[in-house]
Amino acid sequence: MDLKKLEEKYAVPSRELVEDVKQIEGDIMLLGIAGKMGVSMGKLLVDALKLAGKENKVYGVSRFSDPKAKSQVEESGIIAIACDLLNDEQLFNLPDVANVIYLAGHKFGTVGNEDFTWAMNTYLPGRVSEKFKDAKIVAFSSGNILPFVKLNEGGVDEDAVPQPIGEYAQSCLGRERVFQYFAKKNNTPMLIYRLNYAVDFRYGVIMEIGKSVWNEKPIDLRTENVNVIWQGDANEIAIRSLLHCESPAKILNVTGPETLSTKWVAKEFAKIFGKEAKFVHEAEGTALLNNASECHRLFGYPKVTIREVIELNAAWIQNGGDEFGKPTHFQERGGQF
C-alpha cells in the first residue's frame, strides 16, 4: 500500500471549506503551527485558498526547534516565522493580520514544569489578545476542562460548568477566561474551540488502541468511552470557525457524534489484524465526553466516519507507517500530564 497516496487522498479541501474561505478577508496566521495539527491545517488552508482563487497570505509561527517542521511549513506555501511567543518583543513584531488561529499550548511535561505550563496556557493568551486585538481569533482549548460525566448523559454541552482536574486542565480554563476577558475588553471577535481528541494516521486515541491490539498489549478500560474526530475534519472546522467568531467569545465543542467504547474499537482492530484484544481494569462508568451538536449544526457531521478511521489506522499500522510518538494519555483521570 502506498501510504503517501493514502494520506494525500484525505488531505483534499472539501467543497464547503473552499466556499467558506472565499468569505475570509485578509491574511491568516497560525500561532503554534509546529504542533500535531498545525502543519496539516496550514497546508489545507493554502490549498483551499488556491482552489477558491484567493490570494490571502498564510503565516505559520513557531519556535521551530525542529528545522524539519519549518521546511514542511515552507514547502506547503506557508510563510514561516520563527518566534518565541513568550518574548514580547518578538510577539509584537509579528505582522498584523486579520485572522488568527491560536494553536499554542503546553500539556505533556506539566508535572514538574507547572510555571511554564501556566505561562503558555494562561499568560500568553493575554499578550496575544493585546497584539491581535483587531483580528478575529479562533483559540484552541481542551475538553479536559470539563467534568467526568456518566455515559447516559450524552456528554456536556457548552453551557456546562467547567471542573478542571490538575494544573494542565486548570491552566486551559485560565486560557479560556483570559481570551473571554479580552474579547469583551477590546471587542475582539473570538471563538473558543474546545477539542476532544483529534485522531490521525500518526497519533491519537484510535491509533493507540490499534497499536495495543497489534502488539498484543492490554488496554486500560478505566476510561472506557471517548469522543474523537478525524484531524482533517477538525482542521476544516478550525478554519471555517473564523466566520463564526463573536464578541463576547463564542464557545464551541468540537468532536465526532459518537460516544465510542474503547473495547468495541479494540475488537474492530482485532478482527482486521486476526488477533485477540486484551484488557485490564474495569470501566469506572464516567468519562470526559463532549456534546458537539452545535458544531454539527454549523458544519455538518464529520466526513470521515469512525469505521473509516479504524480502517485507515489499521492500514497505517500494518504497513509500518511513521508516528509522532506523542501518546494522548486519554486514560488519565487524575489530571497529571
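Biologist: Why is F64 called buried?

Modeller: F64 has a relative accessible area of 9%, and buried means under 20% (exposed is over 50%, partly exposed in between; 1.4 Å probe, protein chains only). F64 therefore counts as buried. The model is predicted: local features need pLDDT of at least 70, side-chain atom pairs count only at pLDDT 80 or more, and totals for chains, interfaces and linings use all residues. Residues are numbered from 1 along each chain as its sequence is written, and side-chain values use heavy atoms, with hydrogens and water left out.

Biologist: Where is F64, and what is its phi?

Modeller: F64 sits in the loop between β2 (58-62) and α4 (67-75); helices (H or I, at least four residues) and strands (E, at least two) are DSSP runs, numbered from the N terminus. Its phi is near 55°, a positive value in a residue other than glycine. Most residues other than glycine have a negative phi.

Biologist: What makes H281 partly exposed?

Modeller: The relative accessibility of H281 is 46%, so H281 counts as partly exposed. H281 belongs to the loop between β14 (279-280) and β15 (286-287). H281 too has a positive phi, near 65°, in a residue other than glycine.

Biologist: How do you know that the bond between S247 and P248 is cis?

Modeller: Omega is about 0° for the peptide bond joining S247 and P248. P248 is in the loop between α9 and β12 (250-254). Most peptide bonds are trans.

Biologist: Why do L103 and S212 count as buried?

Modeller: L103 is at 18% relative accessibility, so it counts as buried. S212 has a relative accessible area of 19%, and therefore counts as buried as well.

Biologist: What makes α8 oblique to α10?

Modeller: The axes of α8 (residues 205-214) and α10 (residues 262-273) come within 9 Å and cross at roughly 50°. Axes are lines fitted to C-alpha atoms, for helices over the stretch in contact, and angles run from 0 to 180 degrees between N-to-C directions. That angle makes α8 oblique to α10, because under 35 degrees counts as roughly parallel, over 145 as roughly antiparallel, 65 to 115 as roughly perpendicular and the rest as oblique. The contact involves I206, I209, G210, V213 and W214 of α8, and T262, V265, A266, F269, A270 and F273 of α10. By class, this contact has nine nonpolar, two polar and no charged residues; Ala, Val, Leu, Ile, Met, Phe, Trp, Tyr, Cys and Pro count as nonpolar, Asp, Glu, Lys and Arg as charged, and the others, Gly among them, as polar.

Biologist: Why is α8 also called oblique to α12?

Modeller: The axes of α8 and α12 come within 9 Å and cross at roughly 50°, which makes α8 oblique to α12. Here I206, M207, G210, K211 and W214 in α8 meet I306, V309, I310, N313, I317 and Q318 in α12. The classes are seven nonpolar, three polar and one charged.

Biologist: Which residues of α12 are buried, and what covers them?

Modeller: The buried residues of α12 are I306, V309, I310, L312, N313, A314, A315, W316 and I317. Their cover includes α1 (3-9), β8 (198-199), α8, β11 (229-230), β13 and α10. Just after α12, G320 takes a positive phi of about 70°.

Biologist: What makes α3 oblique to α9?

Modeller: Helix α3 (residues 38-52) and helix α9 (residues 231-240) pack at an angle of about 60°, with their axes 10 Å apart. That angle makes α3 oblique to α9. S40, M41, L44 and L45 in α3 meet Q231, G232, N235, E236, A238 and I239 in α9. By class, the contact has five nonpolar, four polar and one charged residues.

Notes
Contact means heavy atoms within 4.5 Å.
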